Every structure is written in C-alpha cells, then in structure tokens.
Amino acid sequence: MDKSEESASALSFTDNISIAWSKIDYQLDEAHLALVNESNESFLRAVSAISEFSKETSDSNPALSHELARLDLKLNLLLDLVSQLIYSQLDIPDISRVTVSSSQVDWQDGNVPEPGSTVFVQVYIQRGTPKPLCFYGEVVSSPDDYRSGWAKVRYLGLSESVQVWLDKLIFRHHRREVAYRKSSSP
C-alpha cells in the first residue's frame with residue numbers, strides 16, 4: 001500500500017446521525033452478503049448523485065449553470081419535504097455521534113454490542129434520507145470501550161465496489177469538514 005492509499009484509508013467523518021444495530025445468531029453466507037452489497041452499492045451511488053453538482057458547466061455556459069443550480073435547489077427542497085413526511089412515519093433511531101471510516105464505524109451510546117459479537121448495523125449516513133447504509137460487522141471494541149459505552153464495529157464482507165463508493169463518500173464528507181473548518185477560522 002503506497003502513501004496515498006494509506007492516507008485515503010485513514011480518512012473518516014464524524015456526524016450526528018441515526019444508527020441501529022442487532023446481534024445476529026446465524027452464519028453469514030455469500031447470499032446474505034451479496035444482497036447487502038447490492039443494496040449498499042445502489043444506495044451509495046444515489047447518495048453520490050444527489051451530493052454532486054457539476055461546476056464545469058459554469059465556465060462554458062453561465063445561463064445553463066444558473067438554471068441547473070435553480071433546478072437543483074428545487075429538487076433538494078422536494079426531497080427534504082418528502083423525507084420529513086416519511087421520517088415522521090418511520091421508527092428512525094435516535095441520533096448519536098458516529099464516526100464512519102473506510103474500515104469501521106464507531107459510536108457511543110448507552111446500549112452497545114458486546115466485543116467479539118457479530119452484528120447487523122444500519123447507519124443513516126444521508127441526512128433526510130430514510131434509507132440506511134447496512135452492513136454486517138464484527139465488534140472490535142475493547143472491554144474498556146464496552147464498559148464506557150463505546151462501540152467499534154469493523155465491516156464484514158463489503159464488496160470491492162461498495163468499498164470504493166464508501167471511500168468516495170468518506171472523502172467527500174472529509175473534504176467538506178476541512179472546508180468548513182477553514183471558512184470558520186478567522
């Protein structure tokens with residue numbers, strides 16, 4: 001692994017988002033993992049499409065860029081309104097401070113899984129979207145982490161394409177955090 005791959009894999013983002021988990025008592029098989037990976041890849045592609053707005057058009061055609069920006073705002077407003085309606089009807093878990101990295105998800109809560117267990121985790125990474133990123137994971141928290149209410153869950157069985165899309169999402173969030181910190185500092 002070269003330096004750029006190493007630094008990219010060390011990126012993470014932290015946000016106040018909903019997270020849920022359940023302990024599983026069955027053996028994971030390729031069929032379970034394939035279904036979860038297929039759903040996650042589709043979801044991460046959609047999140048990427050929603051999050052991106054091409055700035056290339058502004059240089060060549062400012063009028064078109066302005067119109068696309070206006071349509072983007074309208075679409076985002078529509079998505080927000082529909083999401084609020086759906087959220088009010090679903091049993092979305094409470095918000096926790098969650099850190100998402102390329103290899104695992106960490107969070108603190110009063111009820112966390114025991115170290116060494118295998119869990120199914122749902123992380124609502126796209127605010128306003130009632131569909132979570134779902135994955136199986138191995139709880140790698142230390143006994144001290146567990147006693148203090150910290151969970152550290154390493155992903156199990158993510159496909160290569162899901163890992164690529166997840167890394168893109170993490171990089172985008174990280175880049176936004178850096179930009180926000182720069183703009184808020186004097």
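This is a predicted model: local features need pLDDT of at least 70, side-chain atom pairs count only at pLDDT 80 or more; totals for chains, interfaces and linings use all residues.
Local features need pLDDT of at least 70 and side-chain atom pairs count only at pLDDT 80 or more, while totals for chains, interfaces and linings use all residues. Residues are numbered from 1 along each chain as its sequence is written, and side-chain values use heavy atoms, with hydrogens and water left out.

Rings of Phe, Tyr and Trp (its six-membered ring) pair if their centres lie within 6.5 Å; planes under 30 degrees apart count as stacked, over 60 as edge-to-face and the rest as tilted. By this rule there are 3 aromatic pairs. One of them is edge-to-face because the rings of Tyr26 and Tyr136 have centres 6.4 Å apart and planes at 85 degrees. Tyr26 lies in the loop between β1 (12–23) and α2 (30–51) and Tyr136 in strand β5 (residues 133–139), so this pair ties together parts 110 residues apart in sequence. Helices (H or I, at least four residues) and strands (E, at least two) are DSSP runs, numbered from the N terminus. Tyr26 is partly exposed at 37% relative accessibility, whereas Tyr136 is buried at 4%; buried means under 20% relative accessible area, exposed over 50%, partly exposed in between (1.4 Å probe, protein chains only). Tyr26 and Tyr136 form one aromatic cluster with Phe120.

Phe135 and Tyr155 also make an edge-to-face pair, because their ring centres are 4.7 Å apart and their planes at 80 degrees. Phe135 lies in strand β5 and Tyr155 in strand β6 (residues 150–156), so the pair ties together parts that are 20 residues apart in sequence. Phe135 is buried, at 2% relative accessible area, and Tyr155 is buried at 10%.
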